Amino acid sequence: MSIVKLLVNGATHEVDVDPSTPLLYVLRNDLDLRGPHFGCGLGQCGVCSVIIDGNSVRSCLLPVSAVKGAITTLEGLSKDGKLHPLQQAWIDEQAPQCGYCQNGQIMTAKALLDRNPNPTDAEIRTAMEGILCRCMTYYRIQAAIKRVAHGTATAAVEAAQ
Amino acid sequence: MSTSLTLPKAIEDALLGANLTTSRRSFLKASGALVVTLTVAAVPGGSALAAAAPGPYVDPDFRQLDTWIVIHPDNTATFFVGKTDGGQGTGTAFRQMMCDELDIAYDKTTLVMGCTDVTPDQGGSGGSDAIERDGWPARRVAAEARRTLLDLGGKRLGVPVEQLVVTNATIALKSDPAKQVTYADLIGGKRFNVALTGSNIDATTGVAKVKPVNELRVVGLPLKRYDIPGKVDGSLQWAVDVKLPGMVHARNVRPPLAGASLQRIDESSVANVPGFIRVISRGNYVAVVCEREEQAIRAARQLKVEWKRPATAPFPASGELFNYMRRATPTSRTEPEILGNPDAAFTGAKRVIEAEYEVPFQGHTAIGPAFALADPSNGQMTIYSNDMKAYGLRNGVAKFLGMPREQVRVVYMDGPQVYGRTAADDAGFEAAFLARELGRPVRLQWMREEETAWDTKGPPYVFKLRGGLDAAGKVVALEYDACALDHNHLGYNDPETVLIAQLMGKRPTPAKGDAEAPSVMYGIPNRRMTTRVVGLPMIWETPLRTGNLRDPNGPQVTFAFESFIDELAVAANADPVQFRLDLLTASEEDTVFRRARSLAVVRAAAKTYGWDSRSSPKPGSAKGDILSGRGISYTYRSNTVAATIAEVEVNVQTGHVWVKRLVCAHDCGLVINPEGLHHTIECGMLHALSRALWEEVQFDAEKVTSVNWGSHPSLRHSDTPAKIDVVLVNGDPNPGRPDLAPYGAGEGSHKPLIAAVANAIHDATGVRMRRPPFRKERVLAALKAAGKGTAA
């Protein structure tokens with residue numbers, strides 16, 4: 001065990017853990033965060049994603065001692081009690097079903113829009129390709145991203161209303 | 001006890017949600033008032049709200065109105081229902097139905113679901129029947145609460161009930177609306193003390209009648225799901241998030257081969273793992289327990305265990321599965337279902353068409369592996385779980401551990417999607433066993449390889465169909481034969497067949513399983529349907545365990561049947577939509593106006609798609625390497641009817657299939673929430689699309705080899721259709737009927753989709769895919785075999 005210092009959602013934390021511990025377990029079990037989830041532990045599904053220095057990173061594989069930058073989790077996206085536009089779009093599109101993977105979807109979408117605010121449909125699909133959803137909410141997720149990127153509502157929600 | 005509401009925070013959060021909205025917080029405070037003024041035992045849900053006190057956890061009495069509804073002093077209400085919500089909006093829909101009957105605004109209510117000592121036992125979820133079956137008692141008890149409150153209001157205001165009107169939990173004189181009394185004034189924080197009747201919970205009723213459809217105001221609104229904000233802002237406390245004092249972490253160590261028996265555990269192999277507590281094993285069940293989660297994962301990987309290979313191979317390799325099934329001696333078969341004289345009709349038929357279809361094992365492969373947290377404090381057992389059938393888990397664990405039911409409870413919380421997986425809740429039993437062994441709360445989660453290999457699976461099928469056409473292309477005879485590998489199908493939280501029980505050596509009489517005949521609406525005068533079930537050589541301690549996977553047989557059976565109907569349409573040179581309309585028109589079956597509603601959904605799907613009438617396959621030329629086509633499939637599930645059209649693009653060079661567009665026309669009667677329904681239909685289609693394009697459990701003769709998202713691919717973002725249209729149809733001959741019933745929607749759109757994709761691939765290419773998944777290698781091989789692939 002050793003003391004590791006982490007900057008998470010703007011606050012500094014010190015945790016006493018084995019330095020090889022994957023970041024995911026520190027975030028969930030030591031810092032009590034509920035956004036990142038365990039899905040595969042293999043870096044394949046993306047539901048554990050967090051943002052480190054602007055990149056969407058799989059926290060289930062990353063040793064906590066290897067983290068160098070500032071970490072943002074799902075909990076850190078809202079500012080002053082106001083949801084991030086992507087979170088609001090997720091609500092507007094009613095994107096989640098069970099919701100277990102949505103952390104990875106939202107964090108990856110944020111990293112995408114931060115580097116490319118106006119992605120094409122193909123760019124959205126490519127950027128999101130590695131984040132799995134077993135409820136198959138992909139159509140709504142893509143609509144929510146487009147809603148933020150292009151400021152558009154979608155047929156899915158309008159049709160229902 | 002009566003004044004204490006000192007819930008441990010974890011339990012408070014667990015029961016009430018950590019995304020505590022203002023109304024939920026006020027519920028807790030209001031409930032506190034209830035507990036203060038009354039005794040815990042006298043309050044509905046009181047024993048659970050005062051969960052700091054140890055049990056016994058008595059069953060909430062479904063024949064007491066107080067079990068279902070509490071009116072708080074702030075004129076809000078909490079509803080208690082014995083259902084669970086895997087993210088399909090069931091909770092939101094129940095609130096809408098109950099708000100309407102009670103006459104209270106939606107945002108003045110909260111709902112508690114599926115906690116065994118708080119909510120009446122409606123069995124949890126399954127079978128797409130939450131709203132269709134369990135919505136009725138919920139509506140009736142809410143109507144009874146309203147009736148009771150009106151009676152009280154009449155007495156308080158000194159007028160007959162007929163002179164009163166209710167608006168949003170406030171009763172007023174029709175003649176003088178200023179004279180009013182709120183529900184809270186009448187009963188806030190107090191008991192109704194109204195007995196209900198009904199021979200079972202589904203029949204629960206009071207005296208009041210539910211409202212006619214034209215008086216429903218909240219039902220039918222596209223209200224947003226209350227569970228979504230907490231799922232996107234990170235505030236929701238999931239079952240996996242609960243932490244308890246003294247809690248430890250466990251991981252299972254599975255046999256590396258099916259049927260392997262444990263010889264020796266070398267505990268010294270994990271002695272150097274920090275935080276290591278114990279190896280716990282019984283029979284062939286092995287788990288490690290450590291102080292921290294990552295330590296348990298490491299210890300489970302590091303533990304040296306000697307296993308002995310079984311004397312005989314447990315199953316054939318997946319490549320041999322269908323041949324094995326065709327040859328296997330059935331473990332059970334059904335009496336042939338015969339209509340008319342099929343033999344004579346085949347003899348007289350102008351043309352006879354035959355085809356065989358196969359569907360492999362397909363798994364649940366939930367996005368989050370199985371999970372449970374079990375707390376053995378106070379000699380009780382509390383299990384935090386996303387078990388869709390929480391009540392069954394409670395009963396099963398009580399039997400498994402030999403504990404009185406009253407000492408076991410299950411707290412249902414959100415988790416990864418269920419679809420039948422948590423109806424056989426392996427992790428719940430395992431965590432409870434480990435917690436009792438250790439005397440400490442144990443948090444257990446399966447690993448990915450374990451979940452994908454060992455979860456319960458939908459049964460594989462082989463089908464043989466034969467159809468006879470007359471000279472006019474009319475179907476005069478049909479033969480359907482199905483064989484399902486489903487012997488020893490797992491029960492619901494059965495304490496003798498969950499995986500841990502098998503590994504500990506339990507060997508109850510195997511469930512005989514099921515092979516289904518299709519739900520045929522079509523007017524086909526002569527037909528014979530036969531089904532049989534077969535089993536694997538090894539039926540215990542095998543990862544190839546069949547259980548309920550979303551409409552357990554519907555997707556397989558409908559794939560074969562609706563593909564074959566398409567083949568008959570091709571043979572008759574008929575348009576596939578018109579062919580189905582003609583078959584439906586010829587039908588004499590019309591329960592719940594199913595024929596009229598079926599015709600309506602097929603027509604609505606075709607109209608929405610812009611279907612042009614022609615036969616398949618599509619004539620004409622490819623655009624480069626891409627061939628496009630469309631296919632339709634129709635079915636019903638219980639009382640819900642659905643027609644799906646898929647439009648595909650097939651790359652003849654690679655075999656890659658993209659389903660570019662999907663249309664589903666769907667009639668499930670009364671729509672409670674069109675937004676939630678739309679979403680459920682859409683995701684039901686896409687889940688089936690994943691089964692159509694990707695999903696197949698592969699194995700060698702000793703173990704499952706599909707163990708992660710690399711070896712077991714799933715639908716991804718790039719597979720998503722560019723356009724999805726969902727059409728909500730009300731095909732009832734009297735669409736405005738006051739007693740229009742809601743039917744289930746959880747699986748209706750899931751069932752027909754695979755066939756629609758196969759039919760579309762045929763329309764595009766002229767090649768018939770008779771076995772999902774339609775992965776590119778298999779499609780390309782089929783194209784080449786037909787002389788159509790262009791690859792070198």
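Reader: What covers the buried residues of α2(A)?
Author: This is a predicted model, and in it the cover includes α3 (102-115) and α5 (138-150) of chain A, together with α8 of chain B.

Reader: OK, and which residues of α2 in chain A are buried?
Author: Helix α2 of chain A runs over residues 85-92, and its buried residues are A:L86, A:Q87, A:A89 and A:W90.

Reader: Where do they fall, seen down the axis of α2(A)?
Author: They fall within an arc of 160 degrees, so they line one face of the helix. In general, an α-helix has 3.6 residues a turn, so residues three or four places apart point the same way.

Reader: What happens just after α2(A)?
Author: A:Q94 takes a positive phi there, of about 55 degrees.

Reader: Switching to the contact between chains. How many residues of chain B are in contact with chain A?
Author: 53 residues of chain B, and they meet 50 residues of chain A.

Reader: Which elements of chain B give two or more residues to that side?
Author: α8 (228-232), α9 (293-302), α19 (674-693) and β27 (723-728) of chain B. Of these, α19(B) gives the most, with 9 residues.

Reader: And how do the residues on that side of chain B divide?
Author: Into 20 nonpolar, 20 polar and 13 charged.

Reader: New topic: how is chain B divided into domains?
Author: Domain 1 covers 9-236, domain 2 is made of 240-311 + 370-445, and domain 3 covers 577-785.

Reader: What separates the centres of domain 2 and domain 3 of chain B?
Author: 39 Å, with the centres taken over C-alpha atoms.

Terms used. Residues are numbered from 1 along each chain as its sequence is written. Chains are lettered from A and ligands numbered from 1 in the order in which they are written. This is a predicted model: local features need pLDDT of at least 70, side-chain atom pairs count only at pLDDT 80 or more; totals for chains, interfaces and linings use all residues. Two residues are in contact if their C-beta atoms, placed from the backbone, lie within 7 Å. Helices (H or I, at least four residues) and strands (E, at least two) are DSSP runs, numbered from the N terminus. Ala, Val, Leu, Ile, Met, Phe, Trp, Tyr, Cys and Pro count as nonpolar, Asp, Glu, Lys and Arg as charged, and the others, Gly among them, as polar. A residue is buried if 20 or more other C-beta atoms lie within 10 Å of its own, exposed if 12 or fewer, and partly exposed in between; C-beta atoms are placed from the backbone. The arc is that of the directions from the helix axis to the C-beta atoms. Domain bounds come from an automatic or database domain assignment.
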